[in-house]
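This report describes selected contacts in one structure. The sequence and the model are shown first.

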Amino acid sequence: MKKWIAWLLLAVMITGMTACGGADTPETTDNAAETDNTAAETVEETQDPAEIDELPTDITYDGYTFTILSHDHPDTAIAWKVADIYTEELNGERINDAVYERNLAMEDRFGVKIAQNLQSKPDTTADQLITSGDDAFDLLQTDTQKQCALVVKGYLMDMNQMEYINFDKAWWDSTAIDGITIGNKIYYAIGDSMLNGKKATWVVLFNKALTENAGIPDLYSLVKEGGWTLDKLNQFGEQLGQDVDGDGVMTWGVDVFGIGLQHEVVLPLLLGDGTKLIEMNTDGSYNYNLSSNTIVDAMEKIWNFLHGGPMYILNCNDYDGKLNNQWSDFRTLFMSDQIGFFMGHLGTVTLVGGDMNSDFGVLPFPKLNEDQDAYYSTFQYNNAHSVSVPKTAGDLKRSGLLTEGYQMFSHFTVLPAYYDYTLTFRSARDTDSGEMLDIIFGSRNFDISLAFNSTTAMQTFLQDTGSKDKSFSYASKEASNKSKVTTAMDKILEAIEQN
C-alpha cells in the first residue's frame with residue numbers, strides 16, 4: 001500500500017475512533033467487537049517492519065534541551081525557510097502543528113525540550129564551536145555540500161556506529177544511503193524531520209489546462225505504466241509550444257513554451273537512469289564511471305534534448321541579469337499558463353500553488369529509456385538538508401537515541417503534514433500527486449561527487465558540457481577532466497581516512 005494512502009486511512013481511523021462515544025453512541029455488540037478485533041489484527045499484520053518503534057521506553061533525560069543548529073534564511077529565500085524544528089504553539093497550520101506535536105512527543109517520551117539555533121551560516125558556526133570543543137548543539141541540519149566540508153575536516157561522527165540509529169527504518173532516506181556511505185561510514189543522513197531534504201528534490205510540474213487542451217494523455221497513468229520518458233516529455237513539449245503572435249520567434253511573456261527549465265536539469269536527467277558518476281565500494285575505494293558508454297550515451301541524449309527545441313524550450317538561466325528576478329518571473333509564466341512543463345525543485349510547488357488559477361500536477365523526472373527498472377530522483381545538493389552529529393556531542397548514547405527518536409516521530413507527524421498541506425490540499429490539488437511523491441521519494445539517486453562538489457567541481461562540468469556547449473563534446477572534455485576529478489576524490493578519501 002502506498003504511504004500516502006496509508007496515512008489518509010490512518011487519519012480516517014483516528015477520526016472514526018474519536019467519533020465513537022458520547023450520549024448518542026449505540027451499545028456495543030459482540031459482532032461489533034469482533035469486527036474491531038479483526039481490523040486491529042489486519043493493521044498489525046500489514047504494519048511495515050520499517051515503521052515499528054523499537055526504541056527503549058525506559059530512558060529519559062529530564063530537563064535536557066536537544067538543540068539543533070540550522071539556517072536562518074532571509075525572506076528572499078522563502079522556499080527554504082526552516083519551519084520544521086521548533087514552534088511555540090499550535091496555530092491550526094498543518095506543518096506548524098505537526099512540528100509542535102512531534103516536539104511534544106519527544107518531551108513525553110524522552111523528557112527533552114527541542115530548541116533551534118538558526119544562523120545565517122550554520123556550517124561556519126558549527127566549525128567554530130567544534131574547533132573550540134563547545135557542545136552547544138546536538139545536531140547540525142544544513143545542506144549536504146556544507147556537511148561534506150565538515151566531513152573532510154573530521155568534525156562529524158560516524159552515525160553508522162552510533163547506538164540506536166538504524167538506517168533501515170522508514171524515517172531515513174535509505175535509497176540515498178549507498179551514495180552517502182564512505183567505506184561503511186555515514187557522516188550525515190537525510191531523514192523525515194528536514195523538509196528541505198524533500199523540497200530540494202527535482203520534479204516536473206505540469207499545467208493541467210494546457211496538457212488537457214492539447215490532447216496529451218493522462219500523465220499519471222503514463223508514469224505508473226513506466227512509459228514516462230525523456231522522449232515523451234520532448235514530444236509533449238513540442239506539442240504544447242505555441243508561437244502566439246506568429247512572428248517566428250518565441251518571446252518571454254508573449255508565447256507559450258512547452259517546457260521551462262534551468263540548465264542544471266542535466267544533473268537530474270543524468271542521474272534519473274540510476275547511474276552513479278562515482279560509485280563507492282564497501283572497502284572505501286571508488287569506481288570512476290564518467291567515461292562509460294552508458295554515461296556518454298546519456299549525456300548525448302540530454303544534449304540533443306536541450307538543443308533540439310528552441311521553439312518550445314525556455315531556459316531560465318538565459319535570462320540571468322536581464323530581468324529583475326528571473327526565478328520569480330519564471331514561476332509567473334508557469335502560473336499564467338505560458339509554460340506547459342516546469343522542470344524544477346519541489347519547493348516550487350508551494351511558491352506557485354497558493355496563487356495559480358489553473359490546476360497543476362507533480363511528476364518524477366522522466367526516464368532516459370523506457371526499459372529502466374524505476375524512476376530515479378536526485379536533488380539540489382546545495383539546498384537539500386541533511387543532519388549530522390558533531391564530535392563534540394557530550395553523550396553519544398543520548399545523541400543516538402534522540403536523533404533516531406526525532407526522525408521517527410517526524411515520520412508520523414511532519415512528513416504526512418507535508419504531503420497533506422503542501423501537495424494534496426493546498427497546491428497540487430489532487431491525490432494522484434501524493435502517489436507521485438511516493439515514487440519520487442522511493443528511489444533517490446545520491447552521487448557523492450556532487451555532494452563534494454566544492455572539491456570535484458562536478459556540477460559545473462556536467463552543466464556546461466550538457467547544456468552550455470554549442471556542440472556535443474562531452475567525451476573529449478571528460479577525458480581531459482578525469483584526472484582533476486580523480487585527484488579530488490583521492491584527496492577527499494585521504495582526508496577522511498586520516499580523521
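## Thr211 and its surroundings

Leaving out residues up to four places away in sequence, Thr211 touches Phe206, Ile216, Leu219, Leu240 and Phe341, where contact means heavy atoms within 4.5 Å. Thr211 is part of helix H8 (residues 208-213); helices are DSSP runs of H or I with at least four residues, numbered from the N terminus. With a relative accessible area of 4%, Thr211 is buried, a term for values under 20% with a 1.4 Å probe, protein chains only. Between the C-alpha atoms of Thr211 and Gln239, which are 28 residues apart along the chain, the separation is 9.1 Å.

## Basis of the model

The model is predicted: local features need pLDDT of at least 70 and side-chain atom pairs count only at pLDDT 80 or more, while totals for chains, interfaces and linings use all residues. Residues are numbered from 1 along each chain as its sequence is written, and side-chain values use heavy atoms, without hydrogens and water.

## Nonpolar cores

A nonpolar core is a set of buried Ala, Val, Leu, Ile, Met, Phe, Trp, Tyr and Cys residues joined through side-chain atoms within 4.5 Å. The largest has 116 residues, of which Trp228, Phe305, Phe341, Met343, Phe452 and Leu462 touch the most other members. Helix H12 (residues 293-307) supplies the largest share of this core, seven residues.

Apart from neighbours within four places in sequence, Leu462 is in contact with Val266, Leu267, Leu270, Leu277, Leu290, Met299, Ser467 and Tyr474. A second, separate core of 31 residues includes Val203, Met356, Leu437 and Ile440.

Note on methods. Buried < 20%, exposed > 50% of the residue type's maximum accessible area, 1.4 Å probe, protein only. Helix = DSSP H or I, 4+ residues; strand = E, 2+ residues; numbered from the N terminus.
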